[in-house]
Amino acid sequence: MLETAGIRLDISGTEEYLKPAAREALAPAVATAAAALEAGTCAGADYLGWLDLPGRISEAELTACAATAQRARDDSEVYVVIGIGGSYLGARAVLDALGGSQSGHPEIVFAGTGLCSAALVRVLKKIEGRDFRLCVVSKSGTTLEPAVAFRLLRGILIGRYGEEEAAKRITAVTDASRGALRSLADQEGYETYVIPDDVGGRFSVLTPVGLVPLAVAGVDINSLVAGARGMMEACRTDDLAANPAHLYAAVRHGLYKLGYTTEVMSTFHSGLQTVQEWWKQLFGESEGKGGKGIFPASTVFTTDLHSLGQYIQDGRRNLQETFLCVRQAVTELEVPAEDPGGTNLDGLDYLVGRSLDDINWKAYEGTRNAHLSGGVPCTSLEIDQLTPEVVGGLLYMFEKAVGISGLLLEVNPFDQPGVETYKKEMFRLLGKP
């Protein structure tokens, strides 16, 4: 078991399938991929800004985010973040993992994440009778989903506060010099932050894309960045057994070559469900090209043990499973005793005084044992408690791992040509000129 920055990586559940010798045989290829990332000689080298990003984030940048957060805290109850894909998923993943907005900070609401009118109506209800600000995240400003939401919400903002005050309540996170949103922001005088040209959307959580809304929510972004820095340093070694990102990438790739082509990330912590969604975008967009790639799926247990659990236990044996588990939740609850004279009809007296966290952890251990017995190779990422440092480290570990994984598959991990296909068809059907 390898422990790094509060995260324990246990690959013992894979060794019956991917023998240690076969895993070690992948070490030279992993080291070559890592060297290509560091040297910038790999496919997609123009988008490697995330690789050393944690070490380049300055105190001035963090201070600017804190100032934006203070202004929002002073005059708003709701902070609406408008963006799709990597423009919102990273921030939402961190926020949900850490329990949402802190006391005294605005509620963070996400809009423009799709084209469903019901979802946008829910956002509109959140801002009824409440002071709010907008943070629009887009390099171009013309991506359909967030552009529609921004047009609608900006109109409401102007109607409520007037054009001059509304402009003070909009933050644009966008390109440094190009695009429709940059032009509008310069024209109207919005506060702006820059999305680096060399950081793709799904890798952007540690840029202002994620840091601005997280600071507004009261997340300790200094600690988040510090955790990512610590993991970045830990992931520099070529010693496969000591590098969590490289080891995770090697194991999942080795299993893929053996026919385990779907990876299910399973958690027993509901707050990590959005981290799973971020992980699915990160790995799905990075690896799924040229008829290759591991299909990323997710489950939240124990809920899904009563549905998808049947398939994982007994279905097709093309599954590998990665458990992402937290031993201690935010609030500890215990199973109470019944009132005096209780009859123990529910049969729970044997659990009296035990915490739900402890019971949940036993559910994880039991599920892992069951799935191993059912022929599913299992990797475990175990965390004692979620903190900003741990979450920052986890995000960076996955980013480094997917860079390695994509290169092992001999695809460009940093583009997404397939995403454009649906857009072309959609715009054709909409009659876009």
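Colleague: In this predicted model, which residues of α10 are buried?

Modeller: In α10, the buried residues are P208, V209, G210, L211, V212, P213, L214, A215 and V216.

Colleague: What makes α10 largely enclosed by the rest of the structure?

Modeller: Nine of the nine residues of α10 are buried, so the helix is largely enclosed. Just after α10, G218 takes a positive phi of about 95°.

Colleague: Which residues make the contact between α5 and α10?

Modeller: From α5 come A91, V94 and L95, and from α10 come V209, G210, P213 and L214. The residues of this contact divide into six nonpolar, one polar and no charged.

Colleague: How do you know whether R23 is buried or exposed?

Modeller: R23 lies in helix α1 (residues 20-25). Buried means under 20% relative accessible area. R23 has a relative accessible area of 10%, and is therefore buried.

Colleague: What makes the link between the side chains of R23 and E15 a polar contact?

Modeller: The cut-off for a pair of N or O atoms is within 3.5 Å, and the polar contact joining the side chains of R23 and E15 is 3.2 Å. Leaving aside its neighbours within four places in sequence, R23 is in contact with I11, E15, L18, L240, L247 and V251.

Methods: Residues are numbered from 1 along each chain as its sequence is written. This is a predicted model: local features need pLDDT of at least 70, side-chain atom pairs count only at pLDDT 80 or more; totals for chains, interfaces and linings use all residues. Side-chain values use heavy atoms; hydrogens and water are left out. Contact means heavy atoms within 4.5 Å. Helices (H or I, at least four residues) and strands (E, at least two) are DSSP runs, numbered from the N terminus. Ala, Val, Leu, Ile, Met, Phe, Trp, Tyr, Cys and Pro count as nonpolar, Asp, Glu, Lys and Arg as charged, and the others, Gly among them, as polar. Buried means under 20% relative accessible area, exposed over 50%, partly exposed in between (1.4 Å probe, protein chains only). A polar contact is a pair of N or O atoms within 3.5 Å; within protein, one must be able to donate a hydrogen and the other to accept it, and residues adjacent in sequence count only if both atoms are side-chain atoms.
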